[in-house]
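Welcome! Take a moment to look over the sequence and the structure below, and then we can walk through them together.

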Amino acid sequence: MKDLINTLGLCSRILVLFFLPLVGFHSSFGQELNPLEGDPRAARVGGSIFRAQCATCHGADAMGIDSIDAPDLTQIFTRPGSSEQDVFQTIREGIPGSIMPPHAFPEAEIWMLVSYLRSVGVSGFTGQIQGDPDRGMFLFSENCETCHRMNGQGGSLGPNLSMIAAVRSEDAIINSIRDPSAIIGRQYKPVSVLAEGNVRFRGIIKSEDAFSIQVLGTNQVLRGFRKSTLQELVYEDQSVMTTFNESALNGRDLTDILSYLQSNL
Ligand code: HEC
Ligand code: HEC
């Protein structure tokens, strides 16, 4: 295994030599933009560097490993305002206070990693949804708005969906609605506590350390608890999001909701 990793490292280093002139030329303009942008070889070599250096934590498919809290890297470009330059910095400097290490790779290799992550990154809806966005808006306000914000309005138990059509595929959204517990976002881990006086409080974990836990309740009230005072602390595997099956929302309803999410209504 070690040998394999060394070999991969070596291969990528040799390949890097081919890119150096290109990188040298562009870096004189500053490094806001990936100098290897659009070069499919960069993403390919970046992929082998990734498998040798990053996959133990982030998974061979870059989708993250939950048990060590290493995030899904196919999602990083979907956040509003995220840039390739930020990802470059994170790879180079690591994340202090976490196990994400700094990497003293040559710049070209880091850009190749960025190219690779860009290539496996998800991007939004592929076409115009043929539905009724007005009806979708109504269904959304009836079923979703208590937990989700859209264009400045709605609850905050679930993620803001204003930009969702730009960052998730139609299928990913349908799966989230039909089976919310299949993939639960890192910031939305469900928990249930039994506090002093037999009071049960269920919600999502906002922050946690060895001694305390902050929970945003399903009633959207934020509460903090000292763990030593809790009678029970259960990490749940069912999302706090309601599951919407066919009888709750049929195919047409879903299409209309998708077309609302895609619209500027
Ligand atoms: C030892 C485990 C480990 C290794 C090796 C590792 N990472 Fe990470 N990485 C993490 C963890 C854990 C986090 C989340 C840290 C946090 O947010 O607290 C992270 C965060 C990141 C982020 C930021 C994600 C975000 O949501 O903004 C990027 C980008 C990243 N890693 C890329 C890489 C790349 C590329 C490599 C290989 C060169 C790598 N990591 C190697 C554990 C690791
Ligand atoms: C009771 C609160 C609640 C309701 C009601 C609710 N959601 Fe959610 N939703 C959540 C939470 C919490 C998450 C994040 C955890 C998860 O993924 O299960 C989530 C996640 C999602 C995601 C995934 C977002 C992402 O970043 O991938 C989508 C899409 C979504 N909801 C759409 C909807 C739609 C559409 C409706 C109405 C038909 C709805 N939700 C109703 C709480 C809710």
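## Around ligand 1

Let's begin with two helices: helix 3 (55-58) and helix 4 (84-93) each give at least two residues to the shell around ligand 1. This is a predicted model, so please keep that in mind as you read. In total, 20 residues surround ligand 1.

What kinds of residues make up the shell around ligand 1? There are 13 nonpolar, 6 polar and 1 charged.

## Around ligand 2

Now turn to ligand 2, which has 25 residues around it. Cys144, Cys147, Gly158, Ser239 and Met241 come nearest to ligand 2. Which helix supplies the largest share of this shell? That is helix 8 (residues 170-178), with 3 residues.

Sorted by class, the shell around ligand 2 holds 16 nonpolar, 8 polar and 1 charged residues.

## The nonpolar cores

The largest nonpolar core is made of 19 residues. Within this core, Trp111, Met112, Leu113 and Leu117 have the most contacts. Helix 2 (40-53), helix 4 and helix 5 (107-120) each contribute at least two residues to the core, and helix 5 provides the largest share, with 8 residues.

## A hairpin of two strands

Next, find strand 5 (residues 212-217) and strand 6, which run antiparallel and are joined by 5 bridges. One pair to look for is Val215, which stands opposite Arg223 in strand 6. The two strands form a hairpin, with 4 residues between strand 5 and strand 6. In the turn sits Gln220, whose phi is positive, at about 65°.

Is strand 6 tucked away or in the open? Of the 5 residues of strand 6 (residues 222-226), the number buried is 0, so this strand lies largely in the open.

## How confident is the model?

Across the protein, the average pLDDT is 87, and 88% of the residues score at least 70. Where pLDDT is low, the predicted coordinates should not be read in detail.

Terms used: Residues are numbered from 1 along each chain as its sequence is written. Chains are lettered from A and ligands numbered from 1 in the order in which they are written. This is a predicted model: local features need pLDDT of at least 70, side-chain atom pairs count only at pLDDT 80 or more; totals for chains, interfaces and linings use all residues. A residue is near a molecule or strand if its C-beta atom, placed from the backbone, lies within 6 Å of it. Ala, Val, Leu, Ile, Met, Phe, Trp, Tyr, Cys and Pro count as nonpolar, Asp, Glu, Lys and Arg as charged, and the others, Gly among them, as polar. A nonpolar core is a set of buried Ala, Val, Leu, Ile, Met, Phe, Trp, Tyr and Cys residues joined through C-beta atoms within 7 Å. A residue is buried if 20 or more other C-beta atoms lie within 10 Å of its own, exposed if 12 or fewer, and partly exposed in between; C-beta atoms are placed from the backbone. pLDDT is the predictor's confidence in each residue, from 0 to 100. Two strands pair if DSSP finds at least two bridges between them.
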